[in-house]
Amino acid sequence: QVEAGTLFKADTLEELAEQINIDPATLVETITNYNSYVDAGHDPEFDKGAFDLKVENAPFYATPRKPATHHTMGGLKIDTHAHVINEDGKIIKGLFAAGEVAGGLHAGNRLGGNSLTDIFTFGRIATDTAIKEYLD
């Protein structure tokens, strides 16, 4: 991964910071603070417990990360036939939804893995309903 550029490795935090284009002093300060939170058992910056592993021994590693949406807990309200429902509770003719764009099926949360079953189940239902309503 180091050769592929998806993982960075360095013998010092300063060197690692330079590789990932961040200020070395900021990285060193962040790690110093983190290590002190491990010692204290509490992270006052985020008001939470601290992990029990310090960042102390080289080599140090970093890997690129970016925000992503795994699954949304909202979206367009649908009925059991995958019709999109408007704010008045009425079907919006010709508009169907399935998968992560559809909301309301799991209230404020979902069981892990259910997003795929939503896609397959309501994708099929939306297709069957559209065919029945518009092609038959």
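User: Where is Glu14 found?

Analyst: Glu14 is found in helix α1, residues 13–19. The model is predicted.

User: Why does Glu14 count as partly exposed?

Analyst: Its relative accessibility is 37%.

User: What makes the surface patch of Asp11, Glu14, Glu15 and Glu18 negative?

Analyst: Asp and Glu count as negative. The patch is formed by Asp11, Glu14, Glu15 and Glu18.

User: How many salt bridges does the rule give?

Analyst: The count comes to two. Side chains of opposite charge can pair when their charged atoms come close.

User: Why is Lys54 with Asp39 called a salt bridge?

Analyst: The closest N and O atoms are 2.8 Å apart. The rule asks for a Lys or Arg nitrogen within 4 Å of an Asp or Glu carboxyl oxygen. Therefore Lys54 and Asp39 form a salt bridge.

User: Which parts of the chain does the pair of Lys54 and Asp39 link?

Analyst: The pair links distant parts of the chain, 15 residues apart. Lys54 is in the loop between β3 (48–49) and β4 (60–62). Asp39 is in helix α2, residues 24–40.

User: Why are Asp128 and Arg124 separated by about one helical turn?

Analyst: Because they are four residues apart in helix α3, residues 114–134. Arg124 is exposed at 56%. Asp128 is partly exposed at 40%.

User: How far apart are Asp128 and Ala82 in sequence and in space?

Analyst: They are 46 residues apart in sequence. In space, the C-alpha to C-alpha distance is 9.6 Å.

User: Why is Phe120 called exposed?

Analyst: Phe120 has a relative accessible area of 61%. The cut-off for exposed is over 50%. So Phe120 is exposed. Its place is in helix α3.

User: What makes the nonpolar surface patch of about 320 Å²?

Analyst: Leu116, Ile119 and Phe120 make it. Leu, Ile and Phe are on the nonpolar list for patches, and such side chains are joined within 5 Å.

User: Which residues make up the largest nonpolar core?

Analyst: Eight residues do: Ala10, Leu13, Leu16, Ala17, Leu27, Ile31, Phe60 and Ala62. α1, α2 and β4 each supply at least two residues of this core. The largest share, three residues, comes from α1.

User: What share of the chain counts as buried?

Analyst: 22% of the 136 residues.

User: How many helices and strands are there?

Analyst: There are three helices and eight strands. From the N terminus on, the order is β-α-α-β-β-β-β-β-β-β-α.

How values were computed
Residues numbered from 1 in each chain as written. Predicted model: local features only at pLDDT ≥ 70, side-chain atom pairs only at ≥ 80, totals over all residues. Heavy atoms only, no water. Patch = residues over 30% accessible without salt bridge, like charges linked within 9 Å, V, L, I, M, F, W, Y side chains within 5 Å. Areas by Shrake-Rupley, 256 points an atom, 1.4 Å probe, with all protein chains shown as cover. Salt bridge = Lys/Arg side-chain N within 4 Å of Asp/Glu carboxyl O. Charge placed at Lys NZ, Arg CZ, Asp CG, Glu CD. Buried < 20%, exposed > 50% of the residue type's maximum accessible area, 1.4 Å probe, protein only. Core = buried A, V, L, I, M, F, W, Y, C linked by side-chain atoms within 4.5 Å.
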